[in-house]
Amino acid sequence: MDYLAIIVITFISGVVGTGLGGVIGAVLKRDSNKIVSLLLSFAAGIMLAVVCFDLMSEPVRMMEEGRLPAYTPLIVAIAVAVGYGLVFLLNYFIDKRTNHEVEHIDENHPATADDLDELIHADHYRKHEQARSKLFVAGLVMMAAIALHNLPEGMVIGASYAAEDNLVQTLFASSGFIMAIVIGLHNIPEGMAVSVPLISGGMKKGRAIALTALSGAPTVLGALIGYALGGISDIMLVLSLGFASGAMLYVVFGELLPEAILMWKSKLPAFSLFIGVLAGFLLVMF
């Protein structure tokens with residue numbers, strides 16, 4: 001029953017969240033930088049609050065109960081560093097192997113993907129008509145990269161649920177459920193970045209959306225791995241929570257915040273982050 005519940009929740013977060021981004025990417029006709037920027041920064045704030053006020057504090061609570069040794073905070077810090085470092089390396093190699101931009105038309109073409117429309121080429125498909133095959137390949141590569149990227153994100157959800165004493169009673173009132181929601185929100189712009197190149201490269205919208213949603217499937221596998229590892233022993237739970245915290249901290253500081261600020265150079269993304277932290281704190285405390 002526990003595993004079935006986790007599968008359903010992470011399926012919605014990973015597959016449905018990414019697929020929704022694919023749908024939006026297929027039908028969106030107007031600039032949405034500001035909306036996506038606020039969405040990303042708000043999700044980052046909630047993630048940051050859950051990591052700091054819940055995931056990283058759970059091992060300390062276990063130590064105070066006498067279940068773990070006094071040097072537990074050091075173990076947590078090392079696990080967080082390892083989780084952050086591994087996800088950083090994973091994203092480094094993904095970024096090195098993939099290119100969010102197709103070949104530029106001329107020297108006036110934007111050289112960076114600091115704009116949602118530029119990232120997914122929503123406002124200038126026709127300029128790339130002669131590069132349709134490249135767009136198609138770029139979409140497939142992006143799909144594979146996001147699928148790989150979703151595995152550690154799923155582990156975060158699974159490890160969070162592993163810390164709960166009674167999963168059935170806390171299924172919709174735990175850090176795992178909160179993480180599933182914010183990761184699902186985070187997956188929406190990623191789904192857009194997959195579906196738009198596929199569609200502009202010649203693939204039918206329905207098939208592109210289906211493949212985009214499929215790239216979120218590894219989230220389910222990651223959640224099952226995280227939950228299984230966290231249930232082995234208290235020390236494995238600590239390591240799982242630490243790794244999950246590090247992975248999420250990289251997502252916050254290495255992806256969500258830089259993307260949000262680049263998409264909208266304003267003070268409002270920082271305010272949205274602040275609101276997200278407060279919302280995350282209240283969700284954890286209540």
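1. Basis. The model is predicted, with local features requiring pLDDT of at least 70 and side-chain atom pairs counted only at pLDDT 80 or more, whereas totals for chains, interfaces and linings use all residues. Residues are numbered from 1 along each chain as its sequence is written, and side-chain values use heavy atoms, with hydrogens and water left out.

2. A pocket is an open set of points on a 1 Å grid over the protein atoms alone where a 1.4 Å probe fits, with protein on both sides within 12 Å along at least five of seven lines.

3. Lining. The lining of this pocket (residues with an atom within 4 Å of a point) comprises 22 residues, and Asp54, Ala173, Ser174, Ser175 and Val284 lie nearest the centre. Helix α7 (175-200) is among the elements that supply at least two lining residues, as are α2 (33-55), α3 (58-64) and α11 (268-285); helices are DSSP runs of H or I with at least four residues, numbered from the N terminus. The largest share, five residues, comes from α7.

4. Helix pair. α2 packs with α10 (residues 234-263) at an angle of about 155°, their axes being 9 Å apart. The axes are lines fitted to C-alpha atoms over the stretch in contact, and angles run from 0 to 180 degrees between N-to-C directions. α2 is therefore roughly antiparallel to α10 (angles over 145 degrees).

Key: Angles under 35 degrees count as roughly parallel, over 145 as roughly antiparallel, 65 to 115 as roughly perpendicular and the rest as oblique.
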